[in-house]
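User: Could you walk me through how to read this model? I would like to start with the overall layout and then go into the details.

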Amino acid sequence: MSEVDVLFAALRQAADPQTVECIENVVRHGADRDLNRINALAFAEKHHLDEEKTIAAFLHAARIGAFEMTWNVLCPGCGGVLDSGATLKGVVQDTYHCALCAAGYEPTLDEMVEVTFTVSPRVRRIAAHEPDRLPPLEYYRQIFFSSGVDLPEDLEAKFQPILLEMIELAPGEKAFVSLQLPSQFIIIFDAVTHSAQFIDVQGEPTNERQNLSMVISRGHALNETVTMRPGLLRLTLENHTDRRVVPNVCIAGDDLHDLLGRRRPFLTAKRLLTNQSFRDIYRTDTLDVDQRLKITSLTFLFTDLRGSTALYERVGDLAAFDLVRAHFRVLHEIVATEAGAVVKTIGDAVMATFPSPDRAVAAALRMREAMRRLNAEHGSEDLLLKIGIHEGPCLAVNLNDRQDYFGQTVNIASRVQGLADPNVIMTTEAIVEDVNVSEILRDSGIRSASRMAELQGIGREVRIFALS
């Protein structure tokens with residue numbers, strides 16, 4: 001049995017066998033491009049697989065060394081990869097600058113950090129393992145652009161009308177390029193160093209030769225926009241790095257914007273941090289102690305058992321412990337199947353996160369029904385669950401050697417749960433106003449009653465909604 005056979009045999013024991021079979025088939029028979037920076041959501045859609053099972057399978061594959069997981073900081077404008085690392089700990093800059101878009105961005109984990117998977121060289125060697133040997137356009141496709149940019153299969157044909165020149169320069173090499181400048185906005189851009197030069201071509205055409213020099217270096221330099229006239233340009237390009245570079249000269253018009261504007265869902269860092277499989281597999285190996293990474297929108301769900309102390313007194317420690325443990329097991333299963341993750345348990349309470357309000361509400365409704373079934377099985381109303389949900393911005397942090405969350409959104413969610421009555425789900429306005437939540441409540445026949453409440457430590461009244 002080969003090492004690849006051993007790895008996939010182990011993977012089938014850890015993840016969904018159907019999903020693993022599909023991954024193995026692509027590894028053995030797919031194109032090189034299909035195994036580089038895999039977008040787990042696009043992979044699931046293409047192969048008609050469950051998204052959560054697909055994410056879990058790739059996470060397990062990365063853990064056993066069959067794939068390499070990469071965290072990429074993206075430009076929200078062009079979809080280019082601004083920085084890349086093996087862990088989230090590499091996202092350390094306050095601002096990331098995109099030379100192609102001439103803009104700077106503060107990183108958030110919602111849409112600016114993607115997680116992709118590349119087959120390990122020990123399983124199969126692919127061209128992208130040596131990116132400097134990729135053809136220039138393939139370098140742009142496989143290395144520069146994120147998996148969220150839905151580039152067409154015939155990228156070369158689509159790019160041809162807007163491409164004036166593309167060349168390769170070896171380390172230290174200089175090249176002279178002659179080209180005709182149209183009356184358009186022109187960008188000279190190198191995907192390796194992210195060096196850019198903008199040319200605003202305007203005015204009357206000229207028969208005189210125009211000259212421009214560009215030095216490509218490690219500085220990710222953005223030069224001042226130069227104004228030139230339509231006509232002949234003699235361009236000098238110098239590579240001052242120790243790597244091959246692949247500068248291109250293209251027309252920055254509608255065709256380019258349309259080409260880069262095609263987007264598709266991708267696995268964000270936010271979604272992965274709220275994934276139960278990820279938390280179970282990687283545990284504390286996520287953030288450094290000093291990291292504070294922003295999430296613009298995350299949904300928090302808190303639960304607690306009412307009267308659990310009296311329960312221990314009434315039925316005895318052993319019976320109560322078994323009952324509470326069964327309740328935890330059910331809650332964990334529900335959270336995981338709704339794309340959420342349990343952050344921690346505190347006594348008989350649970351703190352969980354979800355990527356969107358509708359998944360949290362769906363989980364809460366299932367939790368309530370599950371507790372009713374457990375109570376019916378035991379012939380008593382011992383498990384009285386209080387649930388609170390809120391959504392908003394927060395910080396992903398490392399607290400007590402655990403990946404955790406900090407901020408007012410967390411505080412409000414906790415306080416809202418404290419106001420809930422047993423078997424009543426308490427939410428905020430941010431939750432019930434969500435379009436998908438409204439649909440769930442309507443389809444489930446759930447009624448909501450609102451009131452203003454002052455939450456301890458918040459300093460202002462908040463409108464809360466009881467779902468019953």
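**Domains and their interface**

Analyst: Gladly! The chain is divided into domain 1 (1-147), domain 2 (162-251) and domain 3 (287-465). Keep in mind that this is a predicted model.

User: How many residues does each side bring to the contact of domain 1 and domain 2?

Analyst: Domain 1 gives 15 residues to the contact, and domain 2 gives 16 residues. The C-alpha centres of these two domains lie 31 Å apart.

User: How do I read the size of an interface?

Analyst: The size is often given as the accessible area lost when the parts come together. Here, domain 1 and domain 2 bury about 1,400 Å² between them, and 63% of that area is on carbon and sulfur atoms.

User: Which elements give two or more residues to the side of domain 1 that touches domain 2?

Analyst: Those are strand E2 (81-85) and helix H5 (136-144). The largest share comes from H5, with 5 residues. By residue class, this side of domain 1 divides into 12 nonpolar, 1 polar and 2 charged residues.

**Positive phi values**

User: Now the backbone. Where is His48, and what is its phi?

Analyst: His48 has a phi near 55 degrees, a positive value in a residue other than glycine. Its place is in the loop between helix H3 (40-46) and helix H4 (51-63).

User: Why does His48 count as exposed?

Analyst: The cut-off for exposed is over 50% relative accessible area. His48 counts as exposed because its relative accessibility is 70%.

User: And what is the phi of Ala102?

Analyst: Ala102 also has a positive phi, near 55 degrees, and is again a residue other than glycine. Look for Ala102 in the loop between strand E3 (96-98) and strand E4 (103-105).

Note on methods: Residues are numbered from 1 along each chain as its sequence is written. This is a predicted model: local features need pLDDT of at least 70, side-chain atom pairs count only at pLDDT 80 or more; totals for chains, interfaces and linings use all residues. Side-chain values use heavy atoms; hydrogens and water are left out. Helices (H or I, at least four residues) and strands (E, at least two) are DSSP runs, numbered from the N terminus. Buried means under 20% relative accessible area, exposed over 50%, partly exposed in between (1.4 Å probe, protein chains only). Domain bounds come from an automatic or database domain assignment. Contact means heavy atoms within 4.5 Å. Buried area is the accessible area (1.4 Å probe) that two parts lose on being put together, summed over both. Ala, Val, Leu, Ile, Met, Phe, Trp, Tyr, Cys and Pro count as nonpolar, Asp, Glu, Lys and Arg as charged, and the others, Gly among them, as polar.
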